[in-house]
Amino acid sequence: MNYSHIFVSQAPNAIAMFDMDMCYLAASGKWISDYGLEGVDIIGKSHYEVFPEIGEDWKATHRNCLNGAISQSAEECFQRADGTEQWLTWDVRPWYANETEIGGIIMYTQDITARKLAEIQLEVSESQFRGVFESSAIGIAIVSLQGAWVKVNAALCNFLGYTEEELMGLTFQEITHPDDLEADLALVSDLIRGRQQYYQMEKRYLHKSGHYLWAILSVSLVRDVKGRAQHFVSQITDINTQRDIQHQLEEALSKLEGILDSGTQVSIISADTDGVITSFNIGAENLLGYHRDEMLHSRKLEEIHLAEELEQRRIELSDIYGINVSGGDVLTAMLRTQKYETREWRYVRKDGSRFPVQLTVTAIRDKGKIVGYLAIAADISEIKRVEAEMKSLLEVTRGQNARLKNFAHIVSHNLRSHAGNISVLIDLFFQEYPDVAASELVQHLRLSSEKLKETITHLNDVVVMNSTVEQSLRNLHLHTFVERAVHSIGALAGEHNVTFINEVDSSLHVAGVEAYLDSIIINFLTNGIKYRAENRAPFVRISSEVRKGYVVLNFQDNGIGMDMKLVRHKLFGMYKTFHGNKDARGIGLFITKNQVEALGGRIEVESTLDIGTVFKVYLKHEKN
Amino acid sequence: MRKIDVACIVDDDPIYIFATRKIMKMAGFCNSFLVFHNGKEALDNLQAIIKSGSQVPDIILLDLNMPIMDGWQFLDEFVKVQHDKVITIYIVTSSIDPDDIKRAKSYEMVNNYVIKPVTEKKLQEILHDFQAS
């Protein structure tokens, strides 16, 4: 009996021996420590006294066992009096005092709480993993060592265009771009041999519809406890959008580089936000004489400018725009509010010489934020030189014109003074010495004086005439003006039996200056009198017609006419006379033509010798 | 009816002065003449005359182009000379420059602009205007 007590008390497991009244006969050290009974004298005490929380179901089990039953449980949870949970594996069976008589029960328990908690935790993390796997936006798959898709998530199916079943019938080798397969397989091999813990690569997968897609593949290898490779876990991330953008960027950059280097006479310099030069093209090297290695990342944009020009611009900016800038920001200050700025500057070459440029500075923005500047400049020396030359030519011409005008006025003024004196003196002479008036010599003197005065009057007309009178144009009633002119030279016409026929439409108005219009009409009427044919009843018919914004005033006569082949090119010249007529005024048509042109019109002429002449005067039609 | 007592000619051209005096006499234009050969001479003498108060001209026929002091310079100085008598000024010139004509109109004391040669007819018109004023 004692031996069995000793056996029990020294057993390595948690084991206790009870009598028929459920009082402790013996308990192992493990039992005592498992149930927190250190220092408690339990031998001889009832189990139910030691653990008052033991319920009726347990007591029933105990009773069954005291009657010969064996009760076992792989795991059971107990709520202890202190509130903690305890997971136990247990075995309760009777012990026999002799062949037939039961002496009590032996309880064997094993505390499996730690193992049980670990199990529970594993379950939780597995379900978490499943959740991640299923709902992940990234494609995740378990792949066999041979490459078969063992388990795939929805994101992966979606990305590759296959259903789960279809994908699981394939291997990754079958849907990898041929150019990427070798690299992938090499990495797989490294992984299996344990050279790498995982690998990552950019590769192309074949979409179900036949096109390739870019992805980042991350693979790790799962091994069993013995270190044998089991399967791969692969993550597949879609990077097509990223690839597209990168591709566009590369394309843009290569184009830009092409531009940068092709412009051998255009300076293209980029700078960062501090103005430090970050690129310097061949054109900039050619124009400025620096090598790009001298400039890149060390010199600033403003260093190729003239300090005084920058300072002047700085003052301008602060005065005009109220922008306070430090020296270095002068070139870029305006770009805070506008996309680019174009101005003329002078650049300074490495050797200190200067040349004018037209410079456009553009802000390079990334998502609205300025990340740098691009300064594109063209050498405008030649343009500037030509501009200066033209300016000086214009200055010379302007001076010459002013001198000519001055000269014309002086000539007309001085001639006028002397001619005026001569004519006055002759008049006085005739008054004082009336008896010499009959002398032919004095008659000729007087005639010459008259002619001189007349010539000077014409010259004055020419000198005074403005090339344009647009600002003083008025709306004039044409019929009235013709009527007035007919009346004013009526006496002269009467002397020579010339008839004027005014057929001008009395509804018409033209743009004109009164004095000019009077002079024009009188000139043509006077011509009609002067060049009348003596052998027929002379007339001048004045008629009008409207033609494309103009009123055409026709002066038609039946006079002696002109041979247009001979006179066409000199008809309107200064001092050209075509008839043997004694009082021919060549200047008349010249002045008339200029007056008509000053009014924005023109003159056409048709004439046949011994039939007559038609002058067509185009004047601007004013609608009333 | 007002009659011109003293007429003043300011001109550097002796032939013009000779002819004009002759015509004035024939036309009975005025009682006496004052003749000056440039603006400076006219200004200095007229200032003294106005100060003394006798022989102050009723009318001045002023040329523009003259040596020493031209007609414009004379006008600019003469407007500053204080005088009680109304003095009518005619610009008499050979200049037909529209700028001169426009400029003459800007002087309040300039009555009119006469283009040479001065004939008896033109003097009669001036006389008529004077009498009407």
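## First sheet: strand pairing

In strand β5(A), A:Met107 is the bridge partner of A:Ala16, and this contact belongs to a set of six bridges that join β1 (residues 14–19) of chain A to β5 (residues 102–111) of chain A in the antiparallel sense. The model is a predicted one, in which local features need pLDDT of at least 70, side-chain atom pairs count only at pLDDT 80 or more, and totals for chains, interfaces and linings use all residues. Residues are numbered from 1 along each chain as its sequence is written, chains are lettered from A and ligands numbered from 1 in the order in which they are written, and side-chain values use heavy atoms, with hydrogens and water left out.

Helices (H or I, at least four residues) and strands (E, at least two) are DSSP runs numbered from the N terminus, and two strands pair if DSSP finds at least two bridges between them. On these terms β1 and β5 belong to an open, antiparallel sheet of five strands in the order β2-β1-β5-β4-β3 (chain A). Its edge strands, β2 (24–27) and β3 (71–79) of chain A, each pair on one side only. Neighbouring strands are turned by 25° against each other on average, direction ignored, where axes are lines fitted to C-alpha atoms, for helices over the stretch in contact, and angles run from 0 to 180 degrees between N-to-C directions.

On a 1 Å grid over the protein atoms alone, a pocket is an open set of points with protein on both sides within 12 Å along at least five of seven lines, a cavity is a set of points where a 1.4 Å probe fits but cannot get out, and lining residues have an atom within 4 Å of a point. Of the 19 lining residues, A:His47, A:Ile54, A:Trp58, A:Phe78 and A:Arg80 are the closest to the pocket centre. The elements α4, β3, β4 and β5 of chain A each give two or more residues to this lining, the largest share, four residues, coming from β4(A).

A:Val143 and A:Trp149 are among the residues that line the second largest cavity, which has a volume of about 80 Å³. β10(A) gives the most to this lining, with three residues.

## Confidence

Chain A averages a pLDDT of 85, and 95% of the residues score at least 70, pLDDT being the predictor's confidence in each residue, from 0 to 100. Over residues 580–585 of chain A, however, pLDDT stays under 50.

Key:
Contact = heavy atoms within 4.5 Å. Points joined across faces, edges and corners; volume = space filled by probe spheres on them.
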